[in-house]
Amino acid sequence: MLYGVDIGGTKMELAVFDHEHNKLASKRIPTPTDSYDAFKHAIQELVFETDRELNTRGSVGIGIPGFINPDTGKAQCANVPCVNDQNLQVDLELILDRPIKIENDANCFALSEAIGGAGDKIPTVFGVILGTGCGGGLYINGKLHDGRNNLAGEWGHTPLPYHVFKLAGEDFPIVKCGCGMHGCLDNYLSGRGLELIYKHVADQTLSGKEGPLSGKEIVQLFRRHDTQAERAVEIYCELLASGLGAMINILDPGVIVLGGGLSNFDELYELVPPLLSKYTLNIGQLPEIRKAEFGDAGGVRGAAMLNA
């Protein structure tokens, strides 16, 4: 059996797959973020409990919202601070008594969508997560591409393009990112980014609306033709097209697959593609932008596939 463990900032999920990548069972529990011992124990209990229930000893692949430094072997994971600077792989292999594989969660997502998903049989797949953050993973010619420091695909930490200030105004907020830099796309193309853009637009137009709106509420307003929501979505789509355009120029992918909560904003697949040519070289065929085949299960499926 193949066990995939998807670690998030609030929950972790273990799912069981057979070697044809069919999901057989799954379980979710809260993610301990303050205690490294509690974090390790939670994973140990999930794995051992599954072993007992299935009377097997599954292989374990783990997706984390961060990366393992290839030089030190230590983890960096902003959303789960207790694992920072810990020898996560060594420690987990010791308590689980088996070899494991650990990958960035966006890489797991890209792997899942490249094999049997929305990018199946396409040589170059750029998997994009538009959720709590903005991440990406690369699948090239039959395997994941991690890069020198296991950071390949982290396009969310490129800066805002200059033209945003013409589009949204000179007072567009420049946010300090959790990585330490300022103006990272992660803060504008994530769910909270859409909320930030809407707040900027609403404040400019003196909307009178009280309290911050969620991304889901903004999408609902957009669908009701609220002018402020339409303006916020216009800015968001331009930023998304600009960011993707840069990656298209670098990678020339065959397909771009969107995951995360905002991938369910179906209008993106109509609004963004016509904007891409403004931000790309004059090429013959732009990649299709597709919605993820496996939705929220993509990360845990890809984690299990690390051992396939």
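A salt bridge is here a side-chain nitrogen of Lys or Arg within 4 Å of a carboxyl oxygen of Asp or Glu. The views below show a predicted model, in which local features need pLDDT of at least 70 and side-chain atom pairs count only at pLDDT 80 or more, whereas totals for chains, interfaces and linings use all residues. Residues are numbered from 1 along each chain as its sequence is written, and side-chain values use heavy atoms, with hydrogens and water left out.

**View A. The salt bridge between Asp71 and Arg148.** The side chains of these two residues meet at 3.2 Å, N to O. The pair links distant parts of the chain, 77 residues apart, with Asp71 in the loop between strand 5 (67-68) and strand 6 (75-76) and Arg148 in the loop between strand 10 (143-144) and helix 4 (164-168); helices (H or I, at least four residues) and strands (E, at least two) are DSSP runs, numbered from the N terminus. Both Asp71 and Arg148 are exposed, where buried means under 20% relative accessible area, exposed over 50%, and partly exposed in between (1.4 Å probe, protein chains only).

**View B. The salt bridge between Asp97 and Arg57.** The side chains of Asp97 and Arg57 meet at 3.6 Å, N to O. Asp97 lies in the loop between helix 2 (88-96) and strand 7 (100-104) and Arg57 in the loop between helix 1 and strand 4 (59-64), so the pair ties together parts that are 40 residues apart in sequence. Asp97 counts as exposed at 52% relative accessibility, while Arg57, with a relative accessible area of 48%, is partly exposed.

View C. Lys40 forms a salt bridge with Asp37 (3.6 Å, N to O), and both residues lie in helix 1, three residues apart, about one turn of the helix. Lys40 is buried, with a relative accessible area of 16%, whereas Asp37 counts as exposed at 56%. Leaving aside neighbours within four places in sequence, Lys40 is in contact (heavy atoms within 4.5 Å) with Asp91, Leu92 and Ile95.

View D. At the start of helix 8, a side-chain oxygen of Asp226 reaches to within 3.0 Å of the backbone nitrogen of Gln228. Helix 8 is followed by Asp252, whose phi is positive, near 50°.

Notes: A polar contact is a pair of N or O atoms within 3.5 Å; within protein, one must be able to donate a hydrogen and the other to accept it, and residues adjacent in sequence count only if both atoms are side-chain atoms.
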